[in-house]
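User: I would like to learn how to read a model like this one. Can you take me through a few features?

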Amino acid sequence: MSYIDGFVIAVPAANKQKFIDHARHFDSMFIELGAIRVIEAWGDDVPDGKVTDFRRAVQATADETVAFSWVEWPDKATRDAGMKKMMEDPRMDPSTPGNPPMPFDGKRMIFGGFEQVVEVKA
């Protein structure tokens, strides 16, 4: 089964297009390095919870939207090798001319790697 990297980010609502442009720039690198697919999703129905929720998790302010993204890899070994190469790639450095700046506060990003254990398809 696949290996999944998941991300939850608070993005200023005014930066939606910048977020999309940023994703298009960097997501192609995931594919280049072995990912099967990348999904970027913009919060549309993200309710406040009674105890916790996506907005609280990333400390989203009233003018921010929660984005939820994932990268699907064929397996963990491909992911580990791809992520290592990606972190070493100068195209990842936002200070490099031509690279888009991060349109969100990366310190509030939640991310992690997940072993797929169940898959149900239509």
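Predicted model: local features only at pLDDT ≥ 70, side-chain atom pairs only at ≥ 80, totals over all residues.

User: What is the mean pLDDT of the protein?

Analyst: pLDDT is the predictor's confidence in each residue, from 0 to 100. Here the mean is 93, and 100% of the residues reach 70 or more.

User: How many bridges join E1 to strand E3?

Analyst: Two strands pair if DSSP finds at least two bridges between them. Strands (E, at least two residues) and helices (H or I, at least four) are DSSP runs, numbered from the N terminus. Ten bridges join E1 to E3 (residues 64-73), and the two run antiparallel. E1 also pairs with E4, antiparallel, over six bridges. Take Phe 7: its bridge partner in E3 is Ser 69, and in E4 it is Phe 111.

User: Why is strand E1 described as largely enclosed?

Analyst: Buried means under 20% relative accessible area, exposed over 50%, partly exposed in between (1.4 Å probe, protein chains only). Nine of the ten residues of E1 (residues 3-12) are buried, so the rest of the structure largely encloses this strand.

User: Is Val 118 buried or exposed?

Analyst: Val 118 is exposed, at 62% relative accessibility. Val 118 lies in the segment after strand E4 (110-115).

Definitions and conventions. Residues numbered from 1 in each chain as written. Heavy atoms only, no water.
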